[in-house]
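This report covers strand pairing, aromatic contacts and overall packing in one protein. The sequence and the model come first.

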Amino acid sequence: MKVLIVSNNVYLRGNGVCTAVQSLKSRLLKAGIDVRLLAGENPEAGGPQPDYPLKPFIFPFFQPIITANGYSFSRLDKKMIREAVRWADVVHLMEGFPLQSATVKAAEEAGKPCVGTYHIFTENITANLGIGYETFVNRLINRWWSSAVYNRCAYVQCPSRTVRDHLQENGYTAPLKVISNGIEPVDRHQQSEGIKTDPFRILCTGRLSNEKSQMTLIKAMRHSRHAGEIGLHFAGNGPKARKIMKAAHRLVEDGVLVHEPVFGFYTQKELRDLAATSYLYVHCATIEVEGLSCLEALQQGAVPVIARSRLSAASQFALDERSVFTAGDPKELAERIDWWIEHPEERMNMGKLYVGSVKAYDAADSTSKIIRMYEEAIDETDK
């Protein structure tokens, strides 16, 4: 089987779509699938390049925002697109942008089936543009994404039930399959058995942006009884980095925190080490199609406190209400954090249970389901 994966770029660090594409490609190759990439050129000199490289597209006015969010777009090269599609047995579209629309048209002309993965909510885009969530702009984007890309696919992979429900509510008519992107099994770090609590490290990962809502955690410190014993550790970068850093350091200036908040950008291994030595993992995002960074923290025994939001699937990983708070509510988040700090034995016991819960999202199982989706798409086309 020959699978063509189509994405605007697959080589940018800190971009969830890029990470998902690289992981999927690696797993498919291990399963004996022939995989090629139609994607934007790798900006890193001497780095790997896609099989079918596309030149970058620079957006007037919006490019600084796009770059700050760790994303990039590619120019449409219809000749390159047709060449890539001719090679493939099935085409896997990773986004709903003009590149994917052009690829769908080429696939239809060539009689090749397409499947899609819904990796990005329209609200991810509008939140970073400052437009808001409940607007006609989101409805317009969804209408275009569905008609120009996803409804022309044989199947659409939904990384979570939250995504599936959202698509059904917004007029997507293609068959929807709930398949987690999955994470690879890794050894649990030994340090997670004896976490140091001086200070109580709280880890928060993700792009520093509006929809990740790290400000909720910062505000929660002003309501916590144990703020002076807490060390905040933020892993990520993004357009709101300066604002979030300033607000976090002000907590020390105001005497709320004793320990200076830490900010950094880390490799996957470094993130595992941080999670293994963190007392709690806090996930404040209001928009999240799945939340693999949360799973990766749980895999190392970090107990989570996760925001419950209509457009975030991450709260599905919580094993009970002690690990959930209402998105955007710093007082409720502070209450959850304080409870876990005051119950260290329960925190240790639950850490072990969370490690076991991650097995339900095993990458090997996800890969098998995706391959079966490809086979079904090809069979449908051949009828």
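Strands β13 (residues 280-283) and β15 (residues 303-308) pair in the parallel sense, with four bridges between them. H283 has I306 of β15 as its bridge partner. This is a predicted model.

β13 also pairs with β10, again in the parallel sense, over two bridges. Here I202 stands opposite L280 of β13. Both faces of β13 are covered. L280 and V282 lie on one side, Y281 and H283 on the other, and all four residues are buried.

Helix α10 spans residues 268-276. Its buried residues include L274, A275 and A276. What covers the buried residues of this helix? The cover includes β10 (200-205), β11 and α11 (292-298).

A further parallel pairing joins strand β6 (residues 90-93) to β7 over three bridges. V91 stands opposite C114 in β7. C114 and G116 point one way from β7, and V115 and T117 point the other way. All of these β7 residues are buried.

**Aromatic pairs**

How many aromatic pairs does a search of the whole structure find? The count is 15. Take Y118 and Y172. Their ring centres are 5.8 Å apart and their planes stand at 85°, and planes over 60 degrees apart count as edge-to-face, so this pair is edge-to-face. The pair links distant parts of the chain, 54 residues apart. Y118 sits in the loop between β7 (114-117) and α5 (122-128). Y172 sits in the loop between α7 (161-169) and β9 (176-178). Both tyrosines, Y118 and Y172, are buried.

F234 and F263 make a stacked pair. The centre-to-centre distance is 4.7 Å and the angle between the planes is 10°. F234 belongs to strand β11 (residues 230-235) and F263 to strand β12 (residues 262-264), so the pair ties together parts 29 residues apart in sequence. F234 is buried, at a relative accessible area of 0%. F263 is buried as well, with a value of 18%; the limit for buried is under 20%.

The two pairs compare as follows.

| Pair | Centre to centre | Angle between planes | Class |
|---|---|---|---|
| Y118 and Y172 | 5.8 Å | 85° | edge-to-face |
| F234 and F263 | 4.7 Å | 10° | stacked |

Ring pairs also build a cluster. Its members are F57, F59, Y71, F73, F97, Y118, F121, W145, Y150 and Y172. The edge-to-face pair of Y118 and Y172 thus has both its residues in this cluster.

The charged end of K177 sits over the ring of Y155, 4.8 Å from its centre. R347 lies over the face of Y279, 5.3 Å from the ring centre.

N142 lies in helix α6 (residues 136-148). Is N142 buried or exposed? N142 is buried, with a relative accessible area of 3%. Setting aside residues up to four places away in sequence, N142 touches Y118, T122, H166, N170 and Y172. Both residues of the edge-to-face pair, Y118 and Y172, are among these contacts.

L28 is in helix α1 (residues 16-30). L28 counts as buried, at 0% relative accessibility. Which residues is L28 in contact with, leaving aside its neighbours within four places in sequence? They are I5, I33, V35, T367, I371 and Y374. L28 and D198 are 170 residues apart in sequence, and their C-alpha atoms are 43 Å apart in space.

**The whole protein**

The protein has 14 helices and 17 strands. Its C-alpha trace spans about 65 × 45 × 45 Å along the principal axes. A compact globule of 383 residues would have a radius of gyration near 21 Å; the protein has 21 Å, so the two agree.

Buried residues make up 54% of the 383 residues. Among contacts with a separation of 6 or more, residues 24 or more positions apart account for 71%. The protein exposes about 16,800 Å², and carbon and sulfur atoms supply 52% of that area.

Definitions and conventions
Residues are numbered from 1 along each chain as its sequence is written. This is a predicted model: local features need pLDDT of at least 70, side-chain atom pairs count only at pLDDT 80 or more; totals for chains, interfaces and linings use all residues. Side-chain values use heavy atoms; hydrogens and water are left out. Rings of Phe, Tyr and Trp (its six-membered ring) pair if their centres lie within 6.5 Å; planes under 30 degrees apart count as stacked, over 60 as edge-to-face and the rest as tilted. Buried means under 20% relative accessible area, exposed over 50%, partly exposed in between (1.4 Å probe, protein chains only). A charge sits over a ring if NZ of Lys or CZ of Arg is within 6 Å of the ring centre and within 35 degrees of the ring normal. The radius of gyration is taken over C-alpha atoms; the globule rule is 2.2 Å times the number of residues to the power 0.38. Contact means heavy atoms within 4.5 Å. Accessible areas come from the Shrake-Rupley method with a 1.4 Å probe; for residues, only the protein chains shown count as cover. Two strands pair if DSSP finds at least two bridges between them.
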